[in-house]
Amino acid sequence: MTTTAVVASGSYFQARRVILQQAQDAAVVSLTEQLTEVYPVRQLPPSQEVLDALSQRLSDRDGDVVILYRDMRAQGVQFPEPVSPELRQAVESGLVAWQRVSRDGQPMLLIGTQLRLERPDGTAQPSGLEVYALRSLAPEQQSIDRLATLAWLTGGLSLVLAVLLALLAAQGVLRPVRELGRAARRLGEGDLTTRLVVRGADELADVARTFNDTAGTLERQVGELRRMESDARRFVADVSHELRTPLAAMTAVTDVLDEEADRLPGDAGKAARLVSQETQNLTRLVNDLIEISRFDSGTARLALDGVDVAAAVSATLRIRGWADRVRVELPPGIVARLDPRRLDVIVANLVGNAFRHGAEPVSVDLRAEPDWITIEVRDQGPGLDQEVLPHVFDRFYKADTARTRTEGSGLGLAIAWENARLHRHAGQQGSLVAGNGPTGGAVFTLRLPRVAADAGGVR
């Protein structure tokens, strides 16, 4: 666009200069030829009649001419243009000078020169007779206007053509770039089958081939990782299910051992109680693994029911023998549609975690909002270190450096977190957040919808 404008403007101004220069030269030559016809002047100072006759004679052709001699001026000729001091000074010095003027909106050329006086020896000298001729530049202006119209029309057509060619060239570059951008977004959204159509053999084609190779490698690697993850989950689920039957038998045996442990002598009684305790721990671990496998496979579902939240939390504490050890603030009459079994699991895991890793007193507070309920579990322990907080709900994570004890499998808080997220309302999932209280101790905040919808399988 810049090149087109510069070329069109340059062509116009160059042609305009040439046309005007030719017009000026032709006018000067014409005036010089006319002056040759009356040259030389033999009478000075001239009379008014001589001035008028010369002016009339020179004005018969292409324009008006006026002749000045000092304070005298030829009469009878329409010559309204004033002569500028600069032009008159140049003429008085013996030069042929001109300037462009305008009359009634029309361009005009004012030319000035001086007649010569013939001496007796045949030489000539300036006579003091100043001749000023006014010539119209209207034909030249029309030519310039036509030239300008042609120049701008040509420039405009060239510009349109240049823009079209530029757009075509840009499309040739931008189309594959846009396709690459869309493909990258689809790949980032998880569509690993995304590929580009390779066109040509330029650098963009090389980029497209590289993208396709990268996407293919990523698809294979992610597929392999997914297969390995699926195999691992299936393995854990299968092993957990297979262990349930022998564990059921072992639990029945440990019940008998528990009854006889007090009557067994010395080390035999201790071994019986140890076997019973470890069997219970193994049973709990297997049950937790089975629950985790349901979350991973997306088969975990809610069994929703109307629940008096305060009564449900109290029942959880009472069944586990914690009712006298926990400070509660449970306003009555708060009803929510939840899965009571999963609420029991969450509260039991949070309170049990507070007893194992925190310090008493442990408190449970219940608050209600129009659409959500909040249960807060606090302890008076050392709290959670900042480097521990991001990993509290990770599976099998044990904060040895932050806790005084590390019993358990490390799955309790992960299961509580998954159970909270299963409850959904208005597109939002329930949440479980860990933090520290202002006066110390860990604080776990459970937030569940009052009217939950099943979000089973949502990760």
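Which residues in H7 meet which residues in H8? The legends below start with that view; the model shown is predicted.

**View 1. Helix H7 meets helix H8.** From H7, the residues in this contact are Ala 312, Val 313, Thr 316 and Leu 317, and from H8 they are Leu 343, Asp 344, Val 347, Ala 348 and Val 351. By type, the contact of H7 with H8 has 7 nonpolar residues, 1 polar and 1 charged. H7 spans residues 309–319, and its axis lies 10 Å from that of H8, at an angle of about 55°. That angle makes H7 oblique to H8. The crossing of these two helices is right-handed.

**View 2. Helix H8 packs with helix H9.** Stay with H8, which runs over residues 340–357, and look for H9 at residues 412–422. Here the angle is about 145° and the axes are 9 Å apart. This crossing is left-handed. On the H8 side you will find Arg 342, Val 345, Ile 346, Asn 349, Leu 350 and Asn 353. Across from them, H9 brings Gly 412, Leu 413, Ile 415, Ala 416, Asn 419, Ala 420 and Leu 422. The residues of the contact of H8 with H9 comprise 8 nonpolar, 4 polar and 1 charged.

**View 3. Helix H6 packs with helix H9.** H6 covers residues 266–297, and its axis is 11 Å from that of H9, with an angle of about 40° between the two. The crossing of H6 and H9 is left-handed. Asp 288, Glu 291, Ile 292 and Phe 295 are the H6 residues to look for, and their partners in H9 are Ile 415, Glu 418, Asn 419 and Leu 422. In the contact of H6 with H9, 4 residues are nonpolar, 1 is polar and 3 are charged.

**View 4. A cis peptide bond joins Glu 360 and Pro 361.** Omega for this bond is about 5°. To place the view, find the loop between H8 and strand E9 (362–368), where Pro 361 sits.

**View 5. The second largest pocket has a volume of about 220 Å³.** Its lining counts 15 residues, and those closest to the centre are Pro 176, Val 197, Arg 199, Leu 204 and Ala 205. Two or more residues of the lining come from each of helix H4 (138–188) and helix H5 (203–260). H4 gives the most to this lining, with 6 residues. By type, the lining of the second largest pocket divides into 10 nonpolar, 1 polar and 4 charged residues.

Methods: Residues numbered from 1 in each chain as written. Predicted model: local features only at pLDDT ≥ 70, side-chain atom pairs only at ≥ 80, totals over all residues. Heavy atoms only, no water. Axes fitted to C-alpha atoms, helices over the stretch in contact; angles between N-to-C directions. Helix = DSSP H or I, 4+ residues; strand = E, 2+ residues; numbered from the N terminus. Left-handed = near helix turned anticlockwise from the far one by under 90°. Contact = heavy atoms within 4.5 Å. Nonpolar A, V, L, I, M, F, W, Y, C, P; charged D, E, K, R; others polar. 1 Å grid on protein atoms, 1.4 Å probe; cavity = no way out; pocket = protein on both sides within 12 Å on 5 of 7 lines; lining within 4 Å. Points joined across faces, edges and corners; volume = space filled by probe spheres on them. Parallel < 35°, antiparallel > 145°, perpendicular 65-115°, else oblique.
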